[in-house]
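Subject: Structure for your review

Dear colleague,

Please find the structure below, followed by an account of what was found in it. I would be grateful if you read the two side by side.

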Amino acid sequence: MSYKGHAGLTLTTIVSMIALCGGSALAQVNASSTNALPNPYHVVENYFKFPAGRTIGSTAAVDIDRDGRSVWVFERCGGASGGTPCAGSNLAPILKFEASGKLVKSFGAGMFVYPHGIHVDREEISG
């Protein structure tokens, strides 16, 4: 290998090592300073109102409605995250709640086995 090629390889190795060491040190500083900030959130027990006898299962996904206030929840038919909680269930796993926590719409019973995600787009869901 020529001197020029060897010098270029050495320089590349040194720059890479500095970037790796500097990046990990910076990540550690940011992680500890982020965790030191006060938590602006708090738990609101029983916020979502369900019909009598209905409980929420493992939640697969949550998204905000296009109105910016309502909340869509895709949950696993009142079941846990293991197995196939919606298989054979007559519960609707897609739920829409007003900002107050009141359930205003639900659907999807018998359509899913193990829900994984939700995305609310610009189209209005009717039904």
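Does Lys-96 count as buried or exposed? At 16% relative accessibility, Lys-96 counts as buried; the term means under 20% relative accessible area, while exposed means over 50% and partly exposed lies in between (1.4 Å probe, protein chains only).

Please note that this is a predicted model, in which local features need pLDDT of at least 70 and side-chain atom pairs count only at pLDDT 80 or more, whereas totals for chains, interfaces and linings use all residues. Residues are numbered from 1 along each chain as its sequence is written, and side-chain values use heavy atoms, with hydrogens and water left out.

Salt bridges

Side chains of opposite charge can pair when their charged atoms come close. A salt bridge is counted here when a side-chain nitrogen of Lys or Arg is within 4 Å of a carboxyl oxygen of Asp or Glu. By this rule there are two salt bridges. One of them joins the side chains of Asp-65 and Lys-96, at 3.8 Å from N to O. Asp-65 lies in the loop between S1 and S2 and Lys-96 in strand S3 (residues 94-97), so this pair ties together parts that are 31 residues apart in sequence. Helices (H or I, at least four residues) and strands (E, at least two) are DSSP runs, numbered from the N terminus. Asp-65 is buried, with a relative accessible area of 11%.

A salt bridge also connects Glu-75 and Arg-54, at 2.2 Å from N to O. Glu-75 belongs to strand S2 (residues 71-75), and Arg-54 to the loop between helix H1 (3-35) and strand S1 (59-64), 21 residues apart. Both Glu-75 and Arg-54 are buried.

The strands

Two strands pair if DSSP finds at least two bridges between them. S1 and S2 run antiparallel and are joined by five bridges. Across this pairing, Ala-61 stands opposite Phe-74, and Val-62 stands opposite Val-73. The hairpin of S1 and S2 has six residues between the strands, and Gly-68 there takes a positive phi near 80°. S2 also pairs with S3 in the antiparallel sense, over four bridges, with Val-71 opposite Phe-97.

In a regular strand the side chains alternate between the two faces of the sheet. Both faces of S2 are covered: Val-71, Val-73 and Glu-75 are buried on one side, and Trp-72 and Phe-74 on the other.

The disulfide

A disulfide is a pair of cysteine sulfur atoms within 2.5 Å. The structure holds one, between Cys-77 and Cys-86, with an S to S distance of 2.0 Å. The torsion about its S-S bond is about 105°, so the disulfide is right-handed. Cys-77 is buried at 8% relative accessibility, and Cys-86 is buried at 3%.

Aromatic rings

Rings of Phe, Tyr and Trp (its six-membered ring) pair if their centres lie within 6.5 Å; planes under 30 degrees apart count as stacked, over 60 as edge-to-face and the rest as tilted. By this rule there are five aromatic pairs. Among them, Tyr-47 and Phe-48 have ring centres 5.2 Å apart and planes at 75°, so the pair is edge-to-face. Phe-50 and Phe-97 also form an edge-to-face pair, at 5.5 Å centre to centre and 75° between the planes. Ring pairs link Tyr-47, Phe-48, Phe-50 and Phe-97 into a cluster.

Yours sincerely
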